[in-house]
Amino acid sequence: MITDELASIKKRILDYGFKRLLLAVSGGLDSICLAHYFIENRDALGIEWLGIAHVHHGLREGTADRDAAFVEEFAKSHNVPFFLKRLDGEALKAAEGSLEENARDARYKALVEIV
């Protein structure tokens, strides 16, 4: 199953001709594994530039800082440019609507700003 999914990702990358790729990496196992896959296979995928972005939502005191530091160290250890965007967690909590939606929308906006 995983092999099929990776083959599908590779096909899409090659079909679309992506040359530059910014990966949003949370620090969780899934995103780190995916980032590692792209780092190890960037030449085969035709990727000329690869960067890693991490969005710190300002919501989980302590653990969010550790996640950001971990992702930064991971990027540096693989010689990949790292971008960090810090959000205002209190503003996300105070905004109308659900916190999850507010955080997701703010994360997407932050990633667009990084790009």
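This is a guided tour of a predicted model, one selection at a time.

Residues are numbered from 1 along each chain as its sequence is written. Because the model is predicted, local features need pLDDT of at least 70 and side-chain atom pairs count only at pLDDT 80 or more, while totals for chains, interfaces and linings use all residues; side-chain values use heavy atoms, with hydrogens and water left out.

**Whole chain**

Start with a cartoon of the protein, which has 5 helices and 3 strands. Helices are DSSP runs of H or I with at least four residues, strands are runs of E with at least two, and both are numbered from the N terminus. Read from that end, the order is α-β-α-β-α-β-α-α. Of the 115 residues, 31% are buried, where buried means under 20% relative accessible area, exposed over 50%, and partly exposed in between (1.4 Å probe, protein chains only). Among contacts (heavy atoms within 4.5 Å) with a separation of 6 or more, 70% join residues 24 or more positions apart. The accessible surface is about 7600 Å², and carbon and sulfur atoms hold 53% of that area; it is a Shrake-Rupley value with a 1.4 Å probe.

Select S1 (20–24) and S2 (49–56). These strands run parallel and are joined by 5 bridges; strands count as paired if DSSP finds at least two bridges between them. One place to check is Leu-22, whose bridge partner in S2 is Gly-51. Follow the chain from S1 through H2 to S2: this β-α-β crossover is right-handed, that is, with the strands pointing away from the viewer, the path from the first strand over the helix to the second runs clockwise. S2 is mostly covered, with 7 of its 8 residues buried.

Select His-54 in S2. Why does His-54 count as buried? Its relative accessible area is 4%. A polar atom of the His-54 side chain lies 2.8 Å from the backbone oxygen of Val-25. In S3, His-54 has Leu-84 as its bridge partner. Beyond four places in sequence, the contacts of His-54 include Asp-67, Ala-68 and Val-71.

Move to Ala-53, also in strand S2. Ala-53 is buried at 1% relative accessibility. Its contacts beyond four places in sequence include Leu-23, Phe-83, Leu-111 and Ile-114. Ala-110 is 57 residues from Ala-53 in sequence, and their C-alpha atoms are 9.5 Å apart.

**The nonpolar core**

Next, show side chains for the largest nonpolar core, which has 18 residues. Such a core is a set of buried Ala, Val, Leu, Ile, Met, Phe, Trp, Tyr and Cys residues joined through side-chain atoms within 4.5 Å. The residues with the most contacts inside this core are Leu-21, Leu-23, Val-25, Phe-38, Ile-47, Leu-50 and Ile-52. S1, H2, S2 and helix H3 (63–77) each supply at least two of its residues. Which element gives the largest share of this core? H2 does, with 6 residues. Select Ile-47 to see contacts with Ile-13, Phe-18, Lys-19, Leu-21, Phe-38 and Arg-42, leaving aside neighbours within four places in sequence.

**Ser-31**

Finish at Ser-31 in helix H2 (residues 29–45). Ser-31 is buried at 15% relative accessibility. Its side chain reaches the backbone oxygen of Gly-28 at 3.3 Å. Apart from neighbours within four places in sequence, Ser-31 touches Ala-24, Val-25 and Ser-26.

Note on methods. A polar contact is a pair of N or O atoms within 3.5 Å; within protein, one must be able to donate a hydrogen and the other to accept it, and residues adjacent in sequence count only if both atoms are side-chain atoms.
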